[in-house]
Amino acid sequence: MKNKDRVIIFDTTLRDGEQSPGASLNISEKLEIAHQLARLGVDVIEAGFPISSVGDFESVKLIAKEVKGPSIAGFCRAGEKDILACWNAVKYSKKPRIHTFIATSDIHIERKLRKTRSEVLDIAANGVRFAKKFCDDVEFAAEDAVRSDFDYLCQVIEAVIDAGATTVNIPDTVGYAVVEDYGKIIRTLRERVKNIDKAVISVHCHNDLGLAVANTLAAISNGARQVECTVNGIGERAGNASLEEVVMALRTRKKYFGITCGVNTKEIYKTSRMVSTLTGIVVQPNKAIVGANAFAHEAGIHQDGVLKDSLTYEIMRPQDVGIPSNQLVLGKHSGRHALVKRLKDLGYSIKAEQIEKVYSAFKDLADKKKCVFDEDILALVEEGISTESETYVLEYLNTSSGTGIIPTATVRLSKKDGGKGKNKVILQEAACGDGPVDAAYKAVDKIAGVKAKLTDYALRALSVGKDAQGEVNVKVEYKGLKFSGRGASTDIIEASVKAYLQALNKIASGRPLGAKESL
Ligand code: KIV
Ligand code: ZN
């Protein structure tokens, strides 16, 4: 191992994270997140599973071409067809990596793969050998390693290192491990596998028992030097080890772990927001590091202590993870320069042609709302990211509702003409519903001529105060595919319509999300 005191941060938000129920990202959203992960300073971005769908292949390829800094990894089974597809997507990166896997537990070998241990061992070693023909950097994962027979696991790991694997991944695929046992697996592998020093040991923990971060840290203490994690801990089922929790534990307890990593922690909050906004997966308020309450002191005794000396109750400072100051930053008299400067301070450099659009949205907001907080500004920019090529734009909305009134809505949308984007047609409809949101959604459905099923709706306040903007996240299903949308406004009905429209725009632009082959 080259650097024994540094751990490699391998981010799998765009692969395992995107396997979260309901999380699906389009290609431009994936690219946006990948650029942000590079700014965050992760070492490896696992950009997707190229053979699983055309969309995944294209997004891995685009990220490999465009994102500089981190290695770009693609995920693949250990068969030649999978490995070739993976290589054809990652080869455009300056630092490509092939991450190939096969399961090594008896239950997976017998029940899922219907093979023998010795067949699996051959497939693993041959897969790595084949991948090495194209790429120097090859990682092998023994799926369900934790429930594998340990002697057999050692045999497979030794064989794949002999075949050329430079990283060996020991996943807790089903989140079954407990802390000491997992640490022992890593320690014993280092003692028992005779060529282990030729590879980096990686860990990949799932959170089914809520132990993913604890297991990851135990593995580091026992010699693992790559950790696989996701922003906000999203991922298959209960998710993966959360990147921000692992990184902040290493930083806050530096003396205990004696391990560093390359993450710029000040980028954590922005990355968390971006992933939450674009995937539509809301961060729970009490989530460590990035939850809305992570740094909020409610009890009087705590508040008193923090005011006297923040170290009384704070082991980290909000600014260490880039949490905005929550102060009034701009108001209706602020000019373009102040807005651009504030955006720069928050880490966004927006293109000249976008400034006018964001500034005019800011002025509209400042007219409605006295205090414009950092959260509001971030929402404006994030809206800009995902609404670049809208088919439908909300032009007018009028709803009436109340006790004893039948809720009704009138909606006017502009629609790009024939996809050429030059001329617009104006379309208008009215509808009744069981509430103003339902009525407005029905009017939108009439205009768009699609019958999408609303499967999830979540509303939250973006900042403090009665005039706070409401943020709505929706999920809709259309022809068996899932689409997400998000909207923010001081008027929650308008926010609801914006969110729904964003999802419909994804349907209209034919961006089927999450449409992957079953694996
Ligand atoms: O959970 C898992 O085992 C994985 C791969 C690394 C095989 O996602
Ligand atoms: Zn996983």
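The model is predicted. Its sheet is a closed barrel of eight strands in the order β1-β2-β3-β4-β5-β6-β7-β8, and the pairing is parallel. On average, neighbouring strands of this sheet are turned by 25 degrees against each other, direction ignored. Strands of a sheet pair through backbone hydrogen bonds, in either a parallel or an antiparallel arrangement. One such pair joins β2, residues 44–48, to β3, residues 71–77, in the parallel sense over four bridges. Within this pair, V44 stands opposite S71 in β3.

Helices pack on the sheet as well. Helix α2, spanning residues 54–66, touches β2 and β3, and its direction makes about 150 degrees with that of β2. Helix α5, formed by residues 117–132, also packs on the sheet, where it touches β4 (96–103) and β5 (138–143). The direction of α5 makes about 170 degrees with that of β4.

The helices may also be considered against one another. Two packed helices are described by the angle between their axes and by the distance between those axes. For α1, residues 27–40, and α2, the angle is about 35 degrees and the axes lie 10 Å apart. The crossing of α1 and α2 is right-handed. On the α1 side, the contact is made by I27, K30, L31, A34 and H35; α2 contributes D56, E58, S59, L62, I63 and E66.

Terms used
Residues are numbered from 1 along each chain as its sequence is written. Chains are lettered from A and ligands numbered from 1 in the order in which they are written. This is a predicted model: local features need pLDDT of at least 70, side-chain atom pairs count only at pLDDT 80 or more; totals for chains, interfaces and linings use all residues. Side-chain values use heavy atoms; hydrogens and water are left out. Two strands pair if DSSP finds at least two bridges between them. Helices (H or I, at least four residues) and strands (E, at least two) are DSSP runs, numbered from the N terminus. Axes are lines fitted to C-alpha atoms, for helices over the stretch in contact, and angles run from 0 to 180 degrees between N-to-C directions. Contact means heavy atoms within 4.5 Å. A crossing is left-handed if the near helix is turned anticlockwise from the far one by less than a right angle, and right-handed if clockwise.
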